[in-house]
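This briefing covers surface patches and charged side-chain pairs. Please look at the sequence and structure first.

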Amino acid sequence: MQFAVRTLAPDMSIASLTIDAPDEADARRQVEARGLYVSAIEPARAGLPRARGGKLSLVLFSQELLALLTAGLGIVESLEALLEKEANPATRGVLERLLGGLREGKRFSGVLAAQPALFPPLYVGIVRAAEGTSDLPRALHRYIEYQQRIDIVRAKIVSASIYPVILLAVGGGVSLFLMSYVVPRFAEVYQGAGRNLPLMSRLMLDWGQFAASHTAGLLLGIALLIGGGVWSVRRALRRGGIARLLGRLPGIGERARIYELSRLYLTLGMLSEGGITIVAALDTVQSMVSPGIAAGLRAARAAIESGRPLSDAFEANGLTTPISLRMLRVGERTGEMGPMLSRSAAFYDGEIGRWIDRFTRTFEPLLMAAIGLVVGAIVVLLYMPIFDLAGDMS
C-alpha cells in the first residue's frame, strides 16, 4: 500500500512524499534512509496508484530490464537506470522498493515477492529459478515470449467479439427507440381511428402506451437489470462460473476447454524450461486456472508424487487431448518435457485461431439477420393497420 508522508529536511524545508510500503514502519524506514525526518505519516487516501495509467506492465518492465542486462549492466545498475528515466510516481515507488531490497542484500525474487499485487507468483517463480542458474536474461526473454503468445490469442478473441457487441448495441438501441418513442406515437394515432387492429399490432401498441406512461420506471428497471447483469458476470468470473457455462455449450464447450488447456501447457512449459520441477510448476499454476482444471491438477500432482508419469496423471484427470497425450509421451521419452508442452500449446493456439475465424464468419451474418428480423417485425406491425386501411379503400 501507499503512505502519504510529510517530511522535514536538514535545511528545515518541508515536503510531501508518497511512499510505497507494506506497512507504516517500512515507509518510515525508507524516508529516514534518505536523511529526512518524518513529521506525519498516514495511508494515502486514494489507495495505491497503478503504474502507467492502470497497472504496471510486466512485459514492458521485462523488455527494458532485459535490454539493460543484455548490454552488460548489473541488476542494480539496470534498476537505477530505469528509475532515472521514469517519471510516473507509482512506478518510481516500485523501482525504489526493488532497489532498496537489493541494497539490503535480499535476492531479486524476494523483493519481487514482497509486492504480490504487481508481480504474480508465476513471474517470481521464473526469476527464482533463474537465480539458481544465473541466467536472468534468458528467463526474462522466456517470460516475454510467453506473455506475447497469450496476448496474441486474447487479442483474436477480443477482436472477434467487438463487431457482434457493436451489432447488439446498435440493434438493441434501435429496437428500444422504436418501442419507447415511435410505437407510443403510433398508438395515439390509432387509438382515435376507431378500427379493429390485428392482434399482434394491438399487443405492441398496448405495450407502447404502457411504456409511454411508465417511462421512468422502465428506465430504472433497465438500469437495474444491466447493473445486476454486470455484477452477476463479475461474480461468475471470480468463481469460475463462466468457464463452467461455456463448458456446457455445444460446440463452444470443447473449444473453451482446449483454450484453457493450451494456457496450462504454455505456462507449464515455460516453467519447466526455466528449471522449475513439474510438481512446483503445478503448484504455481493452480491459482491461474478454473476450479475444474485446478481440481484435476491437484489430483494429477498427487499421482505424479506417487510415481506415475505426467502423461498418465494428466490423462486420468481429463487434462489431455489425444494429440497432447502423444506429445507428452514423446517428451517423457526424449527428456524434453518443457519444449513439448510449449509445442502442444502452439498447436492448439493455431487451432483456436482458425476456429475463431470460422465462428465469426458464420455468427456475424446470423446476428445481423436476427437483428434485422426484430427491427423489421416492429416496423411491419406498426404499418399493418395502414396496409389494412389501404386495402379497404381500394
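Arginine 358 is partly exposed, with a relative accessible area of 41%; here buried means under 20% relative accessible area, exposed over 50%, and partly exposed in between (1.4 Å probe, protein chains only). The model is predicted: local features need pLDDT of at least 70, side-chain atom pairs count only at pLDDT 80 or more, and totals for chains, interfaces and linings use all residues. Residues are numbered from 1 along each chain as its sequence is written, and side-chain values use heavy atoms, with hydrogens and water left out.

**Surface patches**

- Arginine 358 sits in helix H16; helices (H or I, at least four residues) are DSSP runs numbered from the N terminus.
- Lys156, Arg354, Arg358 and Arg361 form a positive surface patch. Patch residues have over 30% relative accessible area and no salt bridge, with like charges joined within 9 Å and nonpolar side chains (Val, Leu, Ile, Met, Phe, Trp, Tyr) within 5 Å.
- Lys and Arg count as positive, while His and the chain ends are not counted; the place of a charge is NZ of Lys or CZ of Arg.
- Helix H16 (residues 337–393) gives the most to the positive patch, with three residues.
- Val158, Ile162, Ile166, Val170 and Val174 make a nonpolar surface patch of about 400 Å². Accessible areas come from the Shrake-Rupley method with a 1.4 Å probe, and for residues only the protein chains shown count as cover.
- Valine 174 belongs to helix H7 (residues 136–191) and is partly exposed at 36% relative accessibility.

**Salt bridges**

- The structure holds nine salt bridges, each defined as a side-chain nitrogen of Lys or Arg within 4 Å of a carboxyl oxygen of Asp or Glu.
- One of them pairs glutamate 80 with arginine 103 (2.7 Å, N to O). The two residues are 23 residues apart, glutamate 80 in helix H3 (residues 75–85) and arginine 103 in helix H4 (residues 89–103).
- Glutamate 80 is partly exposed at 29% relative accessible area, whereas arginine 103 is exposed at 55%.
- Aspartate 283 bridges to arginine 301, with the closest N and O atoms 2.6 Å apart. Aspartate 283 lies in helix H12 (residues 278–285) and arginine 301 in helix H13 (residues 291–305), so the pair ties together parts that are 18 residues apart in sequence.
- Both partners are partly exposed: aspartate 283 at 38% and arginine 301 at 23%.
- Arginine 301 also forms a salt bridge with glutamate 305, at 3.0 Å between the closest N and O atoms. Glutamate 305 and arginine 301 are separated by about one helical turn because they are four residues apart in helix H13.
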